[in-house]
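Please look over the structure below before reading my notes. Keep the sequence at hand as you go.

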Amino acid sequence: GGGGGGGCFHVLGRVRVRNSDREGWAGGTVSSSDPLMVTRDGNATGEVYSQVEAAGEKPYTVGERVKDRNTDEDGWKEGSVTQVLPLQVMDFKSGSRDLYAQVKRLPWSAGDRVQVRNSSTDAWTKGTVSETYPVKVVADGARNGGAQNQIEPAREKGFYVHERVKVRESSNRAWGFGTVTHVIPLEVLADDAGDGARLFKDVGHKDFEIFDRVLVQCSEAAAWRRGVVEKVGVPDGKGEQEVTVLVDGQDLGCLAQNVEYTGEKPYQRGVRVRVRNDDGEAWTHGTVETKLPLRVTKDGSNRSDLFSQIELNGEAAFERGGRVRVRRSESEAWKKGTVTLDIPLTVMRDGSEHEELFALVEHTGEAAFHENERVRARSSDNKTWESGTIVEVIPLKVMLDGGNVSGLFGHVEATGQADFHVHERVRVPGSGRGAGASGTEAWANGTVTSVAPLKVIRDGNVLEEFGLHMEHKDFQVGERVQVRDSNSETWTNGTVTKLSPMWVMKDGDSSARHYNQVQHRAFNVRDRVRVRTPGSEAWRHGTVSNVAPLEVFVDGNKIGGHYSHVDDPGALEVGERVLVRQADGQRWTSGTVTQLVPLYVTRDGDSDHKLYSQVQRKAIEVDDRVRVRQSDKEDWRTGTIIKVFPLVVSRDGDLGRDVYGQVVPKAVEAGDRVHVRRNDTDAWTGGTVAQAVPLYVLRDGQDIPQGYPQVRITGEAPFQKGQRVRVRESKDDDEIGGTVTKLEPLMVMRDGSSAEQLYPDIRHASEGGFVIGQRVRVRESNETWTGGTVIDVVPLFVMRDGKTAKHLYRQVEPTSQASFFVGERVRVRQSEGDVETGGRVTSLAPLYVLRDGQEAELVYPFVEHSYGEEPFELGERVRARQSVDHPWTDGVVTGLSPLMVRPDGEIGERLYSHLEHVCNTGVRAPHLRGAKKLSCLGKK
């Protein structure tokens with residue numbers, strides 16, 4: 001209005017102008033506010049207009065991308081602002097610069113957040129405008145920009161470097177957090193990333209949180225300051241939060257007008273910083289004590305303060321036990337010590353038992369000391385270093401080798417020598433106390449009995465001595481060792497693959513590497529070792545019965561001894577049985593070594609070999625299967641351990657048991673008998689190894705071999721075809737005899753059956769296999785046992801005495817009765833109450849006997865040998881009678897089948913039920929045996 005109202009407009013403000021209502025509005029830029037003059041777009045100078053209104057747009061800036069033309073009939077061209085007053089634009093195509101009557105902003109600017117898609121059927125994707133002519137958008141998760149058919153505002157502000165954001169790969173994943181490192185393309189360093197910044201498909205602004213480190217303006221005119229978010233409000237409709245910030249050095253918060261992330265993570269208690277209150281002060285170091293407000297305790301002080309300037313100093317936080325060097329001023333010499341408290345930073349110097357505050361404290365870069373660590377120590381610079389062991393860290397006390405009292409020393413350094421541990425195998429100077437320092441003495445092996453004081457028992461001795469000049473044993477390629485990288489880790493087993501540099505392949509790994517700590521495996525009771533005596537080069541194997549002093553039962557000896565040379569039996573071997581597990585809490589399970597480097601084991605019950613993080617030799621135990629011999633000249637024989645100390649073995653096929661000079665574990669082989677089960681609650685059941693690696697077992701009662709997670713080798717001998725066994729269907733059944741008919745699977749033909757069958761419960765029978773003609777006793781169930789003769793072995797047919805047909809009986813047992821033969825004199829009866837009478841065997845199957853006094857041969861249920869009674873002969877003098885109630889009558893044998901006798905004084909011959917041999921002298925000779933029988937026969 002007439003040039004008035006100049007106070008409402010600012011220079012460079014965008015307005016629209018005209019001189020009358022009949023004119024159209026034209027854009028322009030305020031060139032003067034008093035008087036109000038406007039440089040209309042397309043003009044080079046300012047003029048006064050009767051009508052001026054605010055255009056509702058912000059002033060243009062140099063470099064801003066715009067579109068321009070002079071009239072409505074012209075086409076729009078695109079360019080960038082090169083001058084604001086007057087408004088000059090450079091055309092992108094021609095490169096010319098000019099004034100245009102119509103200038104409009106392009107809808108997008110580089111860095112704008114948008115959502116894009118190519119068609120209405122596509123899902124919207126968020127991204128950032130990278131170019132405005134033509135418009136190109138870099139979608140989140142992509143590295144390069146491209147043109148899109150549909151672009152809309154994303155209704156969110158753009159990102160900036162150091163901004164804290166939330167990220168995820170897709171909408172169905174949980175949000176993570178990170179820090180923006182690059183805007184176009186949008187790269188974020190995730191908090192949990194170990195591989196640097198990368199692109200994410202879904203990135204969102206992260207709401208400010210309490211304790212965030214920020215840059216803040218408390219008012220539009222205020223300077224940017226560092227601070228900590230104290231309080232946050234709920235985001236408004238534009239997504240803006242109300243944030244209250246505690247500026248560093250202040251304890252009252254301000255409501256932030258503008259706030260940005262610094263890119264730092266929130267400071268935590270214990271973080272190391274440097275502080276000062278203005279630019280003219282020198283920086284001093286300290287430790288954050290509280291986060292809100294941010295208070296710092298300076299080194300050398302015991303109270304915390306507020307500081308207006310606080311920065312991270314790049315130091316690691318101090319911890320109790322950490323090694324540092326300290327001094328009170330720049331003029332003092334550094335002295336080493338140990339941190340006793342982090343806030344305030346308190347240190348106990350080496351050689352002192354007092355905690356102190358120091359203005360200057362630095363990390364030494366040394367690892368913290370720990371108890372039992374090997375060090376060297378001296379009280380002052382002019383003293384000689386001596387080796388010792390740390391017995392206490394705070395205060396730092398060392399026990400020197402050769403002594404048993406700890407002390408304080410002004411100088412203590414780590415030697416790099418591995419810690420000794422009780423029962424460790426070490427080497428000591430060969431000639432005793434103090435020897436070996438010059439390196440000219442022979443070395444001997446020993447066992448550590450105490451670490452502080454350091455004591456050892458030499459192999460072959462039973463008395464302790466101080467461990468002066470003691471060293472760890474040399475390692476060997478293939479040796480089983482224990483490794484770890486730090487004292488906080490658990491020792492794990494491994495195998496030495498290279499000595500220089502020392503490389504170990506840890507159990508469970510497929511490649512070898514260097515470990516910071518490697519130690520020999522200590523001996524344990526029941527470990528298998530090799531020993532030798534002074535002057536002997538021959539090693540002998542034995543079993544450790546006591547660790548300190550080291551006692552070994554050498555194979556073949558019944559008394560343990562102390563040996564001057566004791567060593568591990570050597571590296572593991574393919575086929576060796578071991579125990580494996582993956583972690584400390586798991587159960588040890590058996591397996592078989594299939595490959596040494598890397599160490600692969602096929603665990604019982606598995607079909608594939610694997611790497612296990614824990615592998616150890618199986619200690620020798622009763623019932624272990626072994627191979628034995630007394631010397632190299634003998635062949636190996638298999639057997640079963642029945643006692644460990646001394647090592648007594650029952651050799652297969654021998655009734656006795658003995659100690660043997662050479663004993664080695666027997667590898668599992670097909671045919672070996674084992675016990676198997678699926679888990680701890682199952683009962684052990686027998687089985688036969690069908691395949692050694694992987695270990696498959698044909699469990700008794702099963703016809704398909706399977707892998708079982710729990711397998712134990714037994715001393716049971718393998719079954720043989722034709723062998724007698726005892727079987728039953730379950731534990732509640734009675735055992736019944738049977739004969740093995742097949743080995744894989746283990747089939748048995750049970751007595752009383754003609755069909756072979758699988759049985760889950762099988763054990764060796766005490767009797768040997770039956771043979772045809774063998775005398776046995778039989779019954780069906782609880783009947784009285786009766787004798788019989790084996791007619792066929794498989795199936796087991798028996799012809800019972802008194803029967804003429806063979807039969808299958810459920811219960812058959814061998815007897816001590818010898819087999820009968822045709823012509824043999826026997827004693828027979830028809831029932832339990834009958835009187836025995838003699839007779840002669842005429843047939844074996846069935847067992848026919850021609851009984852004395854009978855003309856026809858019959859079968860009798862009760863037949864016994866008439867041991868010592870000779871067959872009668874024609875013309876032989878005998879005594880005879882019809883029954884026990886009749887008197888004896890002498891006579892002469894006149895016929896043998898049937899047995900006929902002619903009594904003295906008679907012409908005719910008769911059958912008699914009872915007969916006895918008579919010598920010519922008239923001496924009666926019933927059932928004569930031994931010398932009497934021979935005498936009688938001689939007289940006859």
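The numbered points below cover salt bridges, an aromatic pair and surface patches.

1. **Ground rules.** This is a predicted model, where local features need pLDDT of at least 70, side-chain atom pairs count only at pLDDT 80 or more, and totals for chains, interfaces and linings use all residues. Residues are numbered from 1 along each chain as its sequence is written, and side-chain values use heavy atoms, with hydrogens and water left out.

2. **Salt bridges overall.** Side chains of opposite charge can pair when their charged atoms come close. A search of the whole structure finds 58 salt bridges (a side-chain nitrogen of Lys or Arg within 4 Å of a carboxyl oxygen of Asp or Glu).

3. **Glu 57 and Arg 105.** These side chains form a salt bridge at 3.3 Å, N to O. Glu 57 sits in the loop between strand E4 (51–54) and strand E5 (65–69), and Arg 105 is in strand E9, 48 residues apart. Strands (E, at least two residues) are DSSP runs, numbered from the N terminus. Glu 57 is partly exposed, at 31% relative accessible area. The cut-offs are under 20% for buried, over 50% for exposed, and partly exposed in between (1.4 Å probe, protein chains only).

4. **Asp 680 and Arg 587.** Their closest N and O atoms are 3.1 Å apart in a salt bridge. Both residues lie in loops, so the pair ties together parts that are 93 residues apart in sequence. Asp 680 is partly exposed at 42%. Arg 587 is partly exposed too, at 47%.

5. **Aromatic pairs.** The whole structure holds two (ring centres of Phe, Tyr or Trp, its six-membered ring, within 6.5 Å; planes under 30 degrees apart are stacked, over 60 edge-to-face, the rest tilted). One of them joins Phe 553 and Phe 645, tilted, at 5.5 Å centre to centre with 50° between the planes. Phe 553 lies in strand E50, and Phe 645 is in a loop 92 residues apart from it. Phe 553 is buried at 12%, while Phe 645 is partly exposed at 25%.

6. **Negative patch.** Glu 729, Asp 732, Asp 733 and Asp 734 form a negative surface patch. Patch residues have over 30% relative accessible area and no salt bridge; like charges are joined within 9 Å, nonpolar side chains (Val, Leu, Ile, Met, Phe, Trp, Tyr) within 5 Å. Asp 732 lies in the loop between strands E66 and E67. Asp 732 is exposed, at 73%.

Note on methods
Areas by Shrake-Rupley, 256 points an atom, 1.4 Å probe, with all protein chains shown as cover. Lys, Arg positive; Asp, Glu negative; His and termini not counted. Charge placed at Lys NZ, Arg CZ, Asp CG, Glu CD. Helix = DSSP H or I, 4+ residues; strand = E, 2+ residues; numbered from the N terminus.
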